[in-house]
Amino acid sequence: MTLLATLSALGAMTLFGIAAVLQGLATARAGDVGVLDPRLLIRLLRQPAFLVALLLNLTGFGLHVVALQALPLFLVQAVIAGSVAVTALLSVPVFGSHLGPRQRAAVGLVVLGLVLLGTSAAAHRAEPAGPGTPAVLLAVVVAVLLVATAVRRLPAQVATLLLGLLAGVGFGVVAIAARLLPERGLALLTSPTAAVLVAAGGSAFFVYSAAMQRGSVTTATAAMVVTQTVVPAVAGLLLGDDIRPGFVPVAAVGFALALLGALALGRYEPGLPAAAPALLPR
């Protein structure tokens with residue numbers, strides 16, 4: 001099960017990295033319609049690149065859920081953050097971009113960080129959510145949307161940064177909810193946690209698209225990587241994620257290296273119209 005979960009996390013990372021390039025292209029072509037304007041979603045749905053990105057994201061999300069059922073949140077979210085490395089590497093053969101020494105070093109940091117995390121994480125068994133947990137998570141989603149709506153009054157650069165942070169929080173809620181899902185089967189159809197997961201995913205995806213459309217995609221992505229990685233990692237430790245005895249320093253260093261590498265690559269601009277680094281579920 002652990003091997004399947006690890007492969008699922010790596011598969012999700014790869015799909016998210018590819019989808020980010022396509023989503024960034026589609027968003028750049030959609031034109032400016034204002035923050036959280038429903039017309040943005042309509043225009044995006046008319047873009048074939050966005051539809052393919054959506055399919056890849058949905059597939060990656062399924063793999064993400066499988067990984068979260070057996071691995072600690074801090075490990076899975078760090079792997080998902082590594083999708084920025086996939087996006088950066090993909091930009092070289094596809095778009096003729098160039099990875100400088102800093103970008104290559106950042107890719108190396110991500111890989112090294114993930115290796116250290118992989119050696120330090122203990123196997124985990126998913127636990128169901130407490131009775132009040134779905135309501136708390138839903139309140140966070142509502143707060144994300146309310147704050148994102150108010151961002152329209154701020155300057156574009158500030159709005160992009162805040163929207164990226166908010167999108168990361170939304171994707172963090174997705175990861176936490178996926179970790180707390182009940183066993184697969186009919187229970188999923190009536191689970192409040194599953195409903196919150198869907199709401200959080202849709203909201204975060206929309207907010208992140210608005211962040212990329214509002215300003216620099218790299219700014220939005222760098223901000224999103226922070227909250228979508230740190231928020232679930234902290235929540236996972238509070239929920240009982242385990243680290244192998246004696247490996248706490250290794251896990252801390254690995255997490256820091258993976259996050260720093262992802263942040264450095266989140267600032268990387270490939271040769272695209274409005275460069276498109278990675279998503280995160282997000």
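Predicted model: local features only at pLDDT ≥ 70, side-chain atom pairs only at ≥ 80, totals over all residues.
**View 1. A53 and its contacts.** With a relative accessible area of 0%, A53 is buried (buried means under 20% relative accessible area, exposed over 50%, partly exposed in between, using a 1.4 Å probe and protein chains only). Leaving aside residues up to four places away in sequence, A53 touches A19, L22 and Q23; contact here means heavy atoms within 4.5 Å. Q23 is 30 residues from A53 along the chain, yet their C-alpha atoms are separated by 5.7 Å.

**View 2. Helix α3 beside helix α4.** Helices are DSSP runs of H or I, at least four residues, numbered from the N terminus. Two packed helices are described by the angle between their axes and the distance between the axes. For α3 (residues 48-68) and α4 (residues 73-81), that's about 155 degrees and 9 Å; axes are lines fitted to C-alpha atoms over the stretch in contact, and angles run from 0 to 180 degrees between N-to-C directions. The pair is therefore roughly antiparallel, a label for angles over 145 degrees. Their crossing is right-handed, meaning the near helix is turned clockwise from the far one by less than a right angle. On the α3 side, H64, A67 and L68 meet L73, V76, Q77 and I80 of α4.

**View 3. Helix α4 beside helix α6.** Here the packing angle is about 160 degrees, and the axes lie 10 Å apart. That makes α4 and α6 roughly antiparallel too. This time the crossing is left-handed. F74, L75, A78 and V79 from α4 meet L114, L117 and G118 from α6.

**View 4. Along helix α6.** The 20 residues of α6 (residues 101-120) should span 28 Å at 1.5 Å a residue, and the end C-alpha atoms are 29 Å apart, which agrees; the expected span is 1.5 Å times one less than the number of residues. Which residues of α6 are buried? They are A106, V107, V110, G113, L114, L117 and S120.

Notes:
Residues numbered from 1 in each chain as written. Heavy atoms only, no water. Helix = DSSP H or I, 4+ residues; strand = E, 2+ residues; numbered from the N terminus. Parallel < 35°, antiparallel > 145°, perpendicular 65-115°, else oblique.
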